[in-house]
Amino acid sequence: MQSVTVELEAASTMELVNALSTIATELASREAPESAAACLELTETLVAASDKQESALAAFIGRVDATKEQARWGYPSTQAWLRSRLGMRDNRVKERLTLARQRRRLPQVAEQLAAGELSYGYAVTVADSVSRLDDHDCAEAEATLLGFIDQGFSAGKVAAFGRRIRDLIADRDDTEDAPDQDTKRGYDESWLTTTRSLDGGRYVKGWLNPEDAAIWDGTLAPLAKPAGPDDRRDLPERTAAALSSVLSGGHKASKVTVICDLDTLTGGNAPARLTDGTPIPAAQARRIALAAGVSPLLLGRGNTPLYLGHRERFASAAQRQVLETLYPSCAVRGCEVPGTLCEVDHVHGWALGRSPTDIDQLALACGWHNRFKHTNPGQIQITKDRDGRYVYRLLPPADARGTRGAGPPGSIGPPDDPALDWAA
């Protein structure tokens, strides 16, 4: 058992957090008291203390989010950091990030949460209710919603009141919705929002940074040209049609891949599978492998051009199929971008002459991490798992090395465990 002695007023924030971590570790190791009444009282006390901790967390997360510190550590967004590094589920990420971003606009909520006079659940409810209001309406809504809380309404009721306030403001301003945070995102990050209309359609708005805009132009511009002299559609209509074509795969041949052994195709009983891992009985695999737009992928058989060397800069379609089979998601450990949406990465850098366009020198990385890897090569640790797939692990920035306690020296994340890599 460790002893903890802290002079509260003299202690630094780091010392307080470390002391709290030590106490939490000791508390978690103890059995619950036999008395149910004692457990009820302890639960209420511990939850109240946890709510105060959420106040501190909101301040910490807000500072990281405002300064984009997570990008220096290899995370494309605050959401990705909270999900990948801290293991939060999407709902908890949304709650904590909303509270962190709205905290400065909700001084009464922040003060009451820190003092233990307001629960975390109520604080998040108010923060979510005002997230699309301007500063003036936010202040009025905060006072109104706190008044409802004082009257004893549940968090669900307060959330309903918050939605009603937004609707009234939208009606007052004759707008479909109140001002939101989209205009405050800046120009570094791409974003896209969609809203379904009553007739089943969707309104789409967003922003693409220069890199993503180049991909947009390179993909859609050729498809958005007039189909001929009789094409009366204007450019926005042709662009929408081009986007639909790309999303549906109509701009290229249908691509369904069945992975199987040669023996399976020639009458064996070993099952095949799709790229998402779905097993396919051998007989069914032989039937669908003959269907239009379906490719039988024979791994390691040498009858597909998998090795192109330095003569070719870009991976072939056959190589892309193999990589999508090997990499269900981005090669960066913890990144959730599906492999089908990733870019082909030359592991050791094609331009440097160290990584030919050969299948065993390629991996899949999302666009953000692909750029991060090549601009920050010292922050990527490259290893292979037991199945021969590349695993990219994020390292701290050079000025922060040695400051993290978890995982192997200089790494981010839990200690290496091959069994955890590529777990479905």
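1. Overall make-up. The protein in this predicted model has 424 residues, and 33% of them count as buried. Its secondary structure consists of 15 helices and 10 strands. If contacts between residues at least 6 apart in sequence are considered, 52% of them join residues at least 24 apart.

2. Packing of α2 and α5. Helix α2 spans residues 36–67 and helix α5 spans residues 90–102; their axes come within 8 Å and cross at roughly 80°. Because angles of 65 to 115 degrees count as roughly perpendicular, α2 is described as roughly perpendicular to α5. On the α2 side the contact is made by Glu54, Leu57, Ala58, Ile61, Gly62 and Asp65. On the α5 side the contributors are Arg92, Arg96, Leu97, Leu99, Ala100 and Arg101. By class, the residues of this contact are six nonpolar, one polar and five charged.

3. Helix α5. This helix has 13 residues and reaches 18 Å from its first C-alpha to its last, close to the 18 Å expected at 1.5 Å a residue. Its buried residues are Val93, Arg96, Leu97, Thr98, Leu99, Ala100 and Gln102. They pack against α2, α4 (78–84), α6 and α7. Arg96, Leu97, Leu99 and Ala100 are buried and also belong to the contact with α2.

4. Glutamine 53 and the end of α2. Glutamine 53 is found in helix α2 and, at 34% relative accessibility, counts as partly exposed. Alanine 114 is 61 residues from glutamine 53 in sequence, yet the two C-alpha atoms are 7.9 Å apart in space. In the loop between α2 and α3 (69–72) lies lysine 68. This residue has a positive phi of about 60° although it is not a glycine, and the backbone here may deserve a look by the reader. Lysine 68 is partly exposed, with a relative accessible area of 37%.

5. Helix α6. Within residues 107–115, which form α6, the buried positions are Val109, Ala110, Gln112 and Leu113. Their cover includes α2, α5, α7 (120–130) and α8 (135–150). Just after this helix, glycine 116 takes a positive phi of about 80°.

6. Helix α9. The 19 residues of α9 (155–173) reach 27 Å from first C-alpha to last, close to the 27 Å expected at 1.5 Å a residue. Buried here are Val158, Gly162, Ile165, Arg166, Ile169 and Ala170. These residues cover an arc of only 135° around the axis, so they sit on the same side of α9. Among the elements that cover them are α7 and α8.

7. Serine 129. This residue is placed in helix α7 and is buried, with a relative accessible area of 4%. Leaving aside neighbours within four places in sequence, serine 129 is in contact with Leu145, Val158, Ala159, Gly162 and Arg166. Serine 129 and phenylalanine 161 are 32 residues apart in sequence, with their C-alpha atoms 8.5 Å apart in space.

8. Leucine 133. The loop between α7 and α8 holds leucine 133. At 3% relative accessibility, leucine 133 counts as buried, since the cut-off for buried is under 20% relative accessible area.

Terms used: Residues are numbered from 1 along each chain as its sequence is written. This is a predicted model: local features need pLDDT of at least 70, side-chain atom pairs count only at pLDDT 80 or more; totals for chains, interfaces and linings use all residues. Side-chain values use heavy atoms; hydrogens and water are left out. Axes are lines fitted to C-alpha atoms, for helices over the stretch in contact, and angles run from 0 to 180 degrees between N-to-C directions. Helices (H or I, at least four residues) and strands (E, at least two) are DSSP runs, numbered from the N terminus. Angles under 35 degrees count as roughly parallel, over 145 as roughly antiparallel, 65 to 115 as roughly perpendicular and the rest as oblique. Contact means heavy atoms within 4.5 Å. Ala, Val, Leu, Ile, Met, Phe, Trp, Tyr, Cys and Pro count as nonpolar, Asp, Glu, Lys and Arg as charged, and the others, Gly among them, as polar. Buried means under 20% relative accessible area, exposed over 50%, partly exposed in between (1.4 Å probe, protein chains only). The expected span of a helix is 1.5 Å times one less than its number of residues. The arc is that of the directions from the helix axis to the C-beta atoms.
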